Amino acid sequence: MKGVPVQELIDDKTHGLELYAISGQKGLSRRVYNPRIQKLGLVVTGHMVYLHPHRIQILGNTEISYLKSLADAESVAIINELCKNDVVCFVVTRNLKVPDHFLEVTEKKGIPLLRTKLITSVFIERITKYLEEKLAPSTTVHGVLMDILGVGTLIIGRPGIGKSENALELIMRGHRLVVDDVVFVKKMGAMDIYGESPDMIKNLIEIRGVGIVDIGRLFGVAALREKMKIDLVVELLDWDNNLEYERVGLKEDKFRLLGIDLPVVRIPISPGRNASTIIELACRNHILKIHGINTAVELEEKILESMKAGGKR
């Protein structure tokens with residue numbers, strides 16, 4: 001895991017952290033590896049056993065007020081003890097003024113001491129979301145990711161099988177492209193996987209015989225999505241007469257990605273089969289299943305009921 005430099009917390013303009021350094025600028029290259037934060041709470045009373053130095057340490061009104069209420073010697077001792085640990089950084093909320101000794105020690109030890117005008121609860125919400133996004137487990141997948149009827153559809157298959165060509169046909173039907181060729185995938189939360197495009201190839205698609213084209217310029221921004229939760233995997237396969245393909249739909253295969261099992265539909269490709277239409281159909285069928293409607297299961301139940309009725313007769 002590469003971690004997030006403390007400097008990036010200050011530079012971020014997207015999540016509204018509103019941070020700036022007031023001490024310890026020498027340590028801005030330190031990296032955050034843990035998405036969880038720690039509000040110091042009891043730690044500032046001297047219970048250092050509860051300190052997790054690898055997390056961002058947050059001091060709000062309670063902690064700062066407590067430090068200011070102490071005699072100078074007690075406050076200095078606690079601050080010294082806090083900074084003995086190799087803390088990644090401290091963050092003070094509400095633009096609160098910190099004890100001068102805190103500024104001196106963090107500057108001497110190169111521990112970043114940051115401040116934000118946000119109240120503690122708002123800052124914790126924003127920094128947690130930021131860290132979860134930045135530190136999420138990730139990988140890359142060769143394929144095409146599209147928004148088809150609101151279903152995040154990852155189309156995979158061997159090179160040259162027609163992933164991009166089918167994606168182009170789906171775009172011309174009004175569906176939206178997220179990324180072609182290299183899908184950057186992140187696991188967000190416990191069960192959700194999101195895909196997005198590397199900056200280098202954003203909005204671009206490769207069509208053999210034509211070359212690289214810009215979907216945004218050709219079809220407008222309505223044909224694009226910035227990122228998308230992956231709901232369904234569609235694998236395009238070469239038709240093999242020796243294989244038996246799913247014909248009813250009772251068997252539900254899974255595609256494992258970043259430890260999560262995603263539903264997968266495998267579509268054999270042969271001359272005369274309109275793969276893009278079948279991909280769209282698979283997405284419509286996926287929507288039905290989400291709403292509790294499984295046509296294959298319903299048919300099986302009808303057949304079983306018919307067999308039971310015939311047996312009774």
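**A helix with two sides**

Mentor: On one side of helix H2, Thr62 and Ser69 are exposed. Exposed means over 50% relative accessible area, buried means under 20%, and partly exposed lies in between (1.4 Å probe, protein chains only). Helices (H or I, at least four residues) and strands (E, at least two) are DSSP runs, numbered from the N terminus.

A word on the model first. It is predicted, so to speak of local features needs pLDDT of at least 70, side-chain atom pairs count only at pLDDT 80 or more, and totals for chains, interfaces and linings use all residues. Residues are numbered from 1 along each chain as its sequence is written, and side-chain values use heavy atoms, without hydrogens or water.

Back to H2, which covers residues 61-69. Glu63, Ile64 and Leu67 are buried there. Viewed down the helix axis, the buried residues fall within an arc of 95°, so they line one face of H2. That arc is taken from the directions that run from the helix axis to the C-beta atoms. An α-helix has 3.6 residues a turn, so residues three or four places apart point the same way.

What do the buried residues of H2 pack against? Their partners are strand E4 (37-39), strand E5 (56-59), helix H3 (72-84) and strand E6 (90-92). Contact here means heavy atoms within 4.5 Å.

Follow E6 onwards. Arginine 94 lies in the loop between E6 and helix H4 (100-109). Its phi is positive, about 60°, although arginine 94 is not a glycine. Most residues other than glycine have a negative phi. Arginine 94 counts as partly exposed because its relative accessibility is 44%.

Leucine 258 also has a positive phi, near 50°, and is not a glycine. It sits in the loop between E16 and E17. Those strands form a hairpin with two residues between them. At 24% relative accessibility, leucine 258 is partly exposed.

Now the strands around that hairpin. E16 (residues 253-257) pairs with E17 in the antiparallel sense, over five bridges. Two strands pair if DSSP finds at least two bridges between them. Leucine 257 has isoleucine 260 of E17 as its bridge partner. E17 (residues 260-269) is also joined to E15 (residues 232-238) by six bridges, and these two run parallel.

Is methionine 228 buried or exposed? It is buried, at 6% relative accessibility. Leaving aside neighbours within four places in sequence, its contacts include Leu145, Val178, Ile193 and Tyr194. Gly195 is also one of them. The C-alpha atoms of methionine 228 and glycine 195 are 5.5 Å apart, although 33 residues separate them along the chain.

Next, the charged pairs. How many salt bridges does a search of the whole structure find? It finds 20. A salt bridge is a side-chain nitrogen of Lys or Arg within 4 Å of a carboxyl oxygen of Asp or Glu. One of them joins glutamate 280 and arginine 173, at 3.2 Å from N to O. This pair links distant parts of the chain, 107 residues apart: glutamate 280 is in helix H8 (residues 275-290), while arginine 173 is in the loop between helix H6 (163-172) and strand E10 (176-188). Glutamate 280 is buried, at 13% relative accessibility. Arginine 173 is partly exposed, at 36%.

Glutamate 252 and lysine 289 meet in a salt bridge of 3.7 Å, N to O. Glutamate 252 lies in the loop between E15 and E16, and lysine 289 in H8, 37 residues apart. Glutamate 252 is partly exposed at 46%. Lysine 289 is partly exposed too, at 33%.

Compare aspartate 214 and arginine 217. Their closest N and O atoms are 3.8 Å apart in a salt bridge. Aspartate 214 is partly exposed at 22%, whereas arginine 217 is exposed at 76%.
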